[in-house]
Each structure stands twice: as C-alpha cells, then as structure tokens.
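Subject: Handing over the structure, with notes

Dear colleague,

Here is the structure I promised to pass on to you.

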Amino acid sequence: MCGIVAYIGRKPSLPILLEGLKRLEYRGYDSAGVAVLNGGLQVCKSVGRVRVLEEKLDALENCPATIGIAHTRWATHGGVTDANAHPHRDDLKAGHGIALIHNGIIENYASIKKYLLEKGHSFTSETDTEVLAHLVGELYRGDLERAVQSALREVTGAYAIAVICEEEPDTLVVARKGSPLMVGVGNGEYVVASDSSAIVAHTTQAFTLPDFTVAKLTRDSFRTSTIDDIEITAEVRELEFELAEIELGPYEHYMLKEIFEQPRSLRVSMQGRLDDRGGGVVLGGIAEHARALANAKRIVMVGQGTALHACMVGKYLMEDLAKIAAEHDFASEFRYRNPIVDFGTAVVAVSQSGETADTLAALQEAKQRGALALGIVNVVGSSIARETDAGIYLRVGPEIGVASTKAFTGQVLVLAMLSLYVGRRRYLSQEYVVNLMSEMRAIPDKVQRILETTEAIKTATAKYVERENWLFLGRGVNYPVALEGALKLKEISYIHAEGMPAAEMKHGPIALIDKGMPVVFVATKNSQYEKVLGNIAEVRSRGGHVIAVATEGDEYIQSVAEDVFYVPDVPEQLQPLVTVIPLQLLAYHAAVLRGKDVDKPRNLAKSVTVE
Ligand code: G6P
C-alpha cells in the first residue's frame with residue numbers, strides 16, 4: 001500500500017531511488033514519482049509503473065544529486081493522476097521548496113486544509129498528503145525537523161513520511177505512525193524504505209522507527225526523537241535476509257517462485273520446533289505464556305485475505321487438536337463489533353506483513369480488553385510483531401508476489417504446531433503428538449511431488465480458462481482451502497470465483513450451475529469424502545465440469561471428474577498444506593494464459609496499511 005524510499009549519502013541518489021522503487025513496486029503501482037535536491041528541488045512524477053517514470057527521467061540520467069525521495073502509489077485519496085502522484089510540495093508561491101512522500105492516511109486532512117486555505121495556500125491535488133506537505137511548509141522556520149514534528153502533532157491517522165527541503169540540502173527527515181518505515185544505516189549514507197527489500201542491496205544494518213517518532217538524517221549522523229522532541233535511542237540491528245532471497249532467479253514471476261519455494265519454506269518453518277525426544281512442539285517465542293494458553297477459555301484468530309483463510313483452518317485445528325473453543329474473524333469486523341474478550345481469551349493476529357492496518361488495530365483492541373495478544377507474522381520487527389505479548393514467526397522468507405502463497409502454507413503449519421503445543425499441554429498423548437509431527441516432517445517432500453505436476457495442471461487449466469464463473473467447494477478443514485483457491489483465481493486472473501462449503505451449494509449457488517461451468521472440489525480422502533462425492537454428483541447432474549483435488553490412488557474419482565489433480569495422502573488436519581498447492585498453480589496458470597500481470601494484479605496491494 002504505497003512504497004516509499006529515500007536516500008541521503010555521497011552517491012548519485014536517482015539510480016538508488018529507482019532501484020528501490022522497483023523493489024517496492026509490489027506495494028502499489030498506480031503511479032510513481034521522485035524528488036531530488038540538485039541545487040534546487042526537482043520533482044518528476046507519472047501515472048503508471050516505475051518504468052514509465054524511468055523513461056520520463058531520462059533527462060536526469062546523470063543527475064549528481066545525493067539526496068532524494070521517491071514513491072510508488074496505491075491510490076486512496078484522489079484518482080490516479082500525475083497531480084495526485086507523490087512527492088507533494090508545499091505552497092508553490094510562499095513555500096520553502098519542501099517535498100514530501102507519504103504512505104498512510106491523514107484522517108483530519110479536511111480541517112487542516114480549511115485552515116491552510118484561510119491562510120492563502122492553494123492546492124494542486126486532491127490528496128491528503130499535499131495538505132501535510134503544506135502544513136510542514138506553513139510551520140517551517142528554518143528547521144525541517146522541527147517543522148515536521150510540529151506538523152505531526154496536528155495530525156491524526158497513519159503515516160510513514162520522508163521530507164526534503166531546498167533550504168536544507170543536507171537533511172532528510174523521516175517519521176512514522178502506523179505505517180511501516182525502516183532506516184538502513186550505511187557508511188556515510190542512509191537508505192530509508194517501507195521495507196528492507198529496498199535496503200539490503202546497500203546495507204544490512206537498519207533500525208525501525210517506533211510510532212510517533214522522527215529521524216533527522218544527515219550524511220554522517222542521525223538523531224531520533226518523538227514528535228514532542230524527546231530524544232530516543234534507535235536500536236540498529238542486522239537485517240535477516242539476503243539480496244538473493246528477493247531476486248527472481250530463473251522464475252518468470254515472484255508468485256511462481258514462491259509457490260515453488262514451499263518445500264523449503266515449510267522445512268525452515270519447522271526447523272528446531274519439532275522435538276521428538278521431548279515429545280512435543282517447541283515454540284520459544286510463546287513459552288512464557290504456555291500456561292495461560294493452555295488454560296485459555298477461548299482462542300480468537302483474526303486476519304484479512306489469505307491470512308483469514310489460514311485462521312479458518314486454525315479454528316478446525318484448535319478445536320480438533322487442542323479442544324479449545326476457537327473462532328476466526330475478519331480483523332476489520334472484530335475490532336468494531338464490541339467483541340466479548342476478557343482475560344480468559346487469547347487473540348491471535350495472523351499476518352504475513354505484520355502491517356495490515358485492520359489486523360493491527362484488532363490486536364490493539366483485544367489487548368485493551370485484557371486478552372492475551374499473540375501474533376503469527378512473517379516480517380520480523382513489523383508493527384504487529386512488536387505490538388503482541390508474544391508470537392511465532394513464520395520464517396518463510398520474503399514474500400513479494402501480491403497473491404500470497406508460501407505465507408498461507410506457513411501460517412497453516414504454524415497454527416498446526418500451535419494447536420499441538422496447546423493440545424499436548426491439555427490432553428494429547430505424547431505418542432499422538434510425535435506421530436503427527438512425523439507426518440508434518442514428510443509434508444515438504446509431498447509438496448515437492450505436487451509441484452512436479454505443474455504442466456498437467458496447466459494443460460487442464462487451459463481447457464476452462466475462458467470461463468468467467470467458477471465455484472470452489474470443500475468441506476471441513478478443506479473449506480477454507482476452497483475459499484483460498486477462489487481468492488487466488490480472482491486476484492490474479494480477474495475471473496469471478498466463489499468458494500464455499502460444499503453442502504452450502506444446494507442453498508442457492510446451485511442455481512448458477514449450467515453446462516460446462518468449472519466447479520473445483522477439494523475431494524481428498526478424509527472423514528467427509530463420501531459427502532463430497534454426493535455434492536460432486538449434484539454438480540454433474542446439472543452439467544457442471546468437475547475438477548477434483550484428490551488423494552493419490554483414488555481411481556474412482558476419475559469416473560466423476562473431468563480433471564483430477566492428485567495430492568499425496570496426509571492426515572486430515574494437515575491436508576490444507578497439500579490441497580492448496582494445485583489451486584495456487586491453477587490460478588497462476590490461468591492468469592498467465594489470460595495474459596495478466598501476475599505479480600502486480602490490478603487494484604491490489606500486497607500490504608493494506610489503511611482501513
Ligand atoms: C492484502 C494482500 C493479501 C493478504 C492480505 C493480508 O489484501 O493482497 O494477499 O492476504 O492483504 O495481508 P497480511 O500481510 O496481513 O497477511
């Protein structure tokens with residue numbers, strides 16, 4: 001949801017900013033812009049991808065500016081136009097040559113704008129960000145850091161900002177509240193970005209700014225303070241991943257790369273966490289709260305998008321393995337619903353990025369109401385990770401593709417481990433846990449086997465790719481997988497797809513089924529297999545084309561399905577880890593066959609940092 005990058009140092013800033021923007025483009029890609037201080041302030045912006053901006057910047061190719069800011073946008077306030085693209089400037093007539101980039105939303109921008117209009121400011125865009133740029137300009141008295149602090153004291157909402165000023169060519173000021181921002185500390189240079197992917201090429205030392213704080217960066221030093229100017233200490237730490245992890249390598253798209261990384265990411269996620277000798281799962285991050293969790297009356301798992309689907313699987317696992325009343329909820333609904341949450345409730349926020357605004361807010365709400373607040377997050381040091389009482393990292397490595405894949409299997413795996421962890425402390429026998437852990441260990445190789453069928457999945461997908469309406473059906477633990485399959489297809493190929501419990505189809509959606517409509521069933525061998533066969537028959541008798549995800553060795557299914565994607569046999573609780581893989585591949589191939597931009601689907605952003 002908007003990517004920001006800023007640089008101050010001794011090297012030409014433009015190539016660094018553009019390369020950073022390309023790394024962050026997955027966060028938003030409506031338009032892009034850059035501002036540098038090169039004698040005076042130079043701003044260039046453009047609707048479209050970063051490469052369009054790059055073409056426009058040809059004239060600045062050898063620009064020696066060593067300080068600059070850049071932005072890639074996912075529109076919130078104001079349409080997708082050059083004028084609304086960032087950077088925004090302060091007042092052109094009475095201003096100080098200030099340029100500002102912003103990720104977030106300034107909620108009280110209307111009242112600030114009214115005040116500034118009364119003061120004689122005139123605006124060139126419809127954005128909340130331009131209002132903030134003008135406010136900084138209005139409060140500027142020869143000290144950019146002070147002006148930013150003063151402006152932010154007037155602001156409500158969320159922001160990660162970077163600001164430069166013609167009158168202070170050796171100062172870059174950045175600040176944050178609610179939206180992510182990281183400062184990379186190099187040798188005589190700083191690279192600031194929404195996330196570490198735009199930093200690792202330059203330095204592996206970085207710090208994250210806490211909420212309501214500002215960093216003033218000059219070439220050789222920095223100062224961090226609150227917006228009330230109380231100096232604070234920044235904790236510089238080593239970044240966890242390497243450049244190679246965010247390169248495409250031999251793959252055509254990040255999504256495909258990340259689908260194929262799953263055997264490895266699942267292995268890494270399990271490493272050191274399955275202890276046969278101790279007879280249980282080891283989760284160091286939550287050890288302090290083990291007893292509270294085991295005694296919890298209720299577990300509520302919250303997330304959005306794919307993370308919510310993982311929470312839905314988590315509900316089945318928690319109830320089945322830990323025998324604790326478990327619920328899942330959209331974080332966005334949970335936080336505004338006046339939920340019943342108290343000291344006996346554990347709330348688990350599930351999020352790949354750790355920055356999703358609604359999930360973060362739901363967690364804060366739960367904490368305020370006295371719940372134990374846990375996080376299952378991928379990005380180390382992210383807002384949700386820092387806000388929780390304790391948590392478990394996914395350890396699946398950076399996920400760049402907008403459509404989430406390896407994070408989903410990582411989330412399901414961690415929820416399975418958490419369920420065993422709690423279950424063992426309640427009533428599960430050591431033997432049962434050791435058995436299921438050994439089944440878990442076998443999953444990565446099984447996922448690998450499914451990946452090897454990618455060409456067959458592509459061939460089958462090609463038969464249906466022109467169809468505009470699909471259904472995805474599953475039962476029990478595979479119902480969330482059906483939802484996830486439908487979501488993947490919608491997200492990247494723009495095909496209308498609905499997922500639902502297979503039994504629910506009869507209560508309305510069956511009316512949609514006509515000749516040749518593709519209906520994908522997750523029909524693996526488990527406690528609900530026979531029931532699913534019944535639902536398949538209902539679809540067939542109405543002319544629907546059945547595509548089944550089935551268990552290896554199930555030959556019968558071939559007689560009732562047009563196409564079958566086989567997955568190896570695994571215990572029912574772990575099935576989502578394998579059944580989702582063919583559906584990820586199906587969505588990927590459908591999008592490629594339809595000529596869509598797989599890694600940058602229209603209207604979407606990887607990380608939604610506004611409500
Ligand atoms: C966005 C992304 C989804 C993701 C969801 C939650 O909508 O496009 O892929 O599942 O946010 O993101 P999170 O980072 O909290 O898992």
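A nonpolar core is a set of buried Ala, Val, Leu, Ile, Met, Phe, Trp, Tyr and Cys residues joined through side-chain atoms within 4.5 Å, where buried means under 20% relative accessible area, exposed means over 50%, and partly exposed lies in between (1.4 Å probe, protein chains only). Please keep in mind that this is a predicted model, in which local features need pLDDT of at least 70 and side-chain atom pairs count only at pLDDT 80 or more, while totals for chains, interfaces and linings use all residues. Residues are numbered from 1 along each chain as its sequence is written, and side-chain values use heavy atoms, with hydrogens and water left out.

The cores

The largest nonpolar core has 90 residues, and of these Leu 418, Trp 470 and Phe 472 touch the most other members. Helix α13 (residues 406–426) gives the most to this core, namely 12 residues; helices (H or I, at least four residues) and strands (E, at least two) are DSSP runs, numbered from the N terminus. Apart from this core lies another one, of 34 residues, which includes Leu 24, Met 182, Ala 206 and Phe 241. As general background, nonpolar side chains in soluble globular proteins tend to be buried together.

If you select Phe 472 and set aside residues up to four places away in sequence, you will find that Phe 472 touches, among others, Leu 489, Met 500, Val 520, Leu 583 and Leu 586 (contact means heavy atoms within 4.5 Å).

Strand β2 (residues 31–38) is mostly covered, as 7 of its 8 residues are buried. On one hand, β2 pairs with β3 in the antiparallel sense over 8 bridges, where two strands count as paired if DSSP finds at least two bridges between them; Gly 33, for instance, has Lys 45 in β3 as its bridge partner. β2 and β3 form a hairpin with 1 residue between them, and Gly 39 in the turn has a positive phi of about 80 degrees. On the other hand, β2 also pairs in the antiparallel sense with strand β4 (residues 67–73), over 6 bridges, and there the bridge partner of Ala 35 is Ile 69 in β4.

Ser 46 belongs to strand β3 (residues 40–47) and is buried, with a relative accessible area of 5%. Leaving aside neighbours within four places in sequence, the contacts of Ser 46 include Ser 31, Ala 32 and Asp 82.

In helix α15 (residues 454–464), the buried residues are Thr 454, Ile 457, Ala 460, Thr 461 and Tyr 464. These residues are on the same side of α15, because they cover an arc of only 125 degrees around the axis, the arc being that of the directions from the helix axis to the C-beta atoms. Glu 455, Ala 456, Thr 459 and Lys 463, on the other side of α15, are exposed.

Salt bridges

A search of the whole structure finds 35 salt bridges, each being a side-chain nitrogen of Lys or Arg within 4 Å of a carboxyl oxygen of Asp or Glu. In one of them, Arg 223 meets Glu 145, with the closest N and O atoms 2.5 Å apart; this pair links distant parts of the chain, since Arg 223 is in strand β13 (residues 222–226) and Glu 145 in helix α5 (residues 144–153), 78 residues apart. Arg 223 counts as partly exposed at 22% relative accessibility, whereas Glu 145 is buried, at 6%. Both belong to a network of salt bridges that also links Arg 146, Asp 229 and Glu 231.

Another salt bridge joins Arg 594 to Glu 468, the closest N and O atoms being 3.0 Å apart. Arg 594 lies in the segment after α18 (576–593) and Glu 468 in the loop between α15 and β23 (469–474), so this pair ties together parts that are 126 residues apart in sequence.

A residue in a loop

Is Thr 233, finally, buried or exposed? Thr 233, which lies in the loop between β14 (231–232) and β15 (237–238), is exposed, with a relative accessible area of 75%.

With best wishes
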